Amino acid sequence: MVTSSAKKANAMEQDFTPLLETKIPEYTALAQAGKVEDAVENLLLIEKQARVAEDAKATSKVATSIVHIIVDAGRWDYLNEKLLQLSKRRGQLKMAIKDMVEAAIDVLDKTPDEPTRLALIDTLRTITEGKIFVEVERARLTRMLAKTKEEKGDLAGAATILQEIQVETFGAMDKREKTEFLLEQVRLVIDNRDFIRAQILSNKIHRRVLLTDDMQDLKIRFYTEMIRYYLHERNFLEVCRSYQMIYDTPSVKANKEQLQATLKKIVLFIVLASFSPEQADLLQRIYEDKNLEELPMYRDLLKWFITKELVRWPVLMELYRGELTQTHASQFSKPAGSSSSSSSTSTSPSSSTGEPDLWEELKKRVVEHNLRVIAKYYSRISASRLSTLLDLQEEETEKFISDLVSQGIIYAKIDRPHSLVVFQRRQQPNEVLNEWSQNIGTLLDTLEQTTHLIHREIMVHAKKQ
């Protein structure tokens, strides 16, 4: 008596190659004759035999043949039905499901209309759900679906459906495709104004991966999206650093026009960045860039903010208004009216879209620079004189001083009854004594060193005589 295990062993030893070479062309011809369902049913019987025999190659070949036969017949609803049936068959082999899904993805472009295409994508996403061995195919299908939703104007739906896929955990997906997928997620959430998720998703992209030569285009795309994010957050220092990363890309360095355009952006946003030790250090390093010699206007702009001298806002506007409104039209619009008036800085169209008003930001940086310079040379100054030096009204001057003090950039106190602004911090008695003691110690050290040098000269002179 032959046992069931012996039957299974005999089935596993069976070679289905001759059978498939005969039957697949035969049933393909039968389908072309109009008997599609008969051909598919006959192939399903062969598929069962190969599946029971655990012949992955034969099962896969039969499954993909069924897909091609139905597609050639144009029976798209029938294709969805058979795809689900094949995927749910008992003991279905992973290789067969994977090859069947890939074959169905390849024929997506052959669908006659959009509803048919979406129905097939939905079927394939149902089949691949929860199956690790087809996670890459599911990610690609989801990206196609998200693109379709975006084209239809459903930006929120596209962003939501694409976020369902956690490609950073996929081991089978290569680095480039994984990075492209994550970049698409970042782009969609930023377009959807979901900046919190944009930051979370951007952290999933490893910066070191972007430094390789074959990832230069993705590096530029990534930092372009990060610029959009940092502009919304008004973090101009990070915007400058993002442009620096683009500037350091070999493909950008090889293109002189693109190199200079990026360097202009770097200069612009380091100037717009609020003062900090990091900003001051980066400002100096950018100023030393040799490529700035070909951009004298931008080199001079940096020099204005490096030199410890006052910057006149009307003069700066007169010199750079045309350049900024022409070269950086997407960030600056031409201010209306007098350049010295406070109303002239609120004319950027970005104010209606939620983007930062860069004219206003530039004016803030000029005032901030001037206040730091004045605090360096004045211990106290009248409010009216300070307003004249800053080209501001007294109310605006007070507001700027308050903002800079709260940010810890300068120390100042406003004496309203006497209309004075005091920049010198009042020292405590202990601080005065410590400073006096330190000064006395420095004086004694200098005196001792001087006495030693005098005695040495006397001895040298005596020896010569």
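I began with the surface of this predicted model and looked up a nonpolar patch of about 530 Å², made by Trp436, Ile440, Leu443, Leu444 and Leu447. I then picked Leu443, one of these residues, and placed it in helix 22, residues 429-464. Leu443 counts as exposed, because its relative accessibility is 54% and the cut-off for exposed is over 50%.

Next I looked at backbone angles. I found a positive phi, near 60 degrees, at Arg234, which is not a glycine. Arg234 sits in the loop that joins helix 12 (216-233) to helix 13 (236-247).

Ser419 was another entry: a residue other than glycine with a positive phi, here near 55 degrees. I located Ser419 in the loop between strand 2 (413-415) and strand 3 (420-422). With a relative accessible area of 31%, Ser419 is partly exposed.

I then turned to the whole chain. I counted 22 helices and three strands in the protein chain. For the radius of gyration I have 36 Å, against the value near 23 Å that a compact globule of 465 residues would have. The C-alpha trace spans about 125 × 70 × 45 Å along its principal axes.

Of the 465 residues, 43% count as buried. The protein chain exposes about 25,900 Å², and I noted that carbon and sulfur atoms supply 51% of this area. Among contacts with a separation of 6 or more, 60% join residues 24 or more positions apart.

Definitions and conventions
Residues are numbered from 1 along each chain as its sequence is written. This is a predicted model: local features need pLDDT of at least 70, side-chain atom pairs count only at pLDDT 80 or more; totals for chains, interfaces and linings use all residues. Side-chain values use heavy atoms; hydrogens and water are left out. Helices (H or I, at least four residues) and strands (E, at least two) are DSSP runs, numbered from the N terminus. Buried means under 20% relative accessible area, exposed over 50%, partly exposed in between (1.4 Å probe, protein chains only). Patches are made of residues with over 30% relative accessible area and no salt bridge: like charges are joined within 9 Å, nonpolar side chains (Val, Leu, Ile, Met, Phe, Trp, Tyr) within 5 Å. Accessible areas come from the Shrake-Rupley method with a 1.4 Å probe; for residues, only the protein chains shown count as cover. A salt bridge is a side-chain nitrogen of Lys or Arg within 4 Å of a carboxyl oxygen of Asp or Glu. The radius of gyration is taken over C-alpha atoms; the globule rule is 2.2 Å times the number of residues to the power 0.38. Contact means heavy atoms within 4.5 Å.
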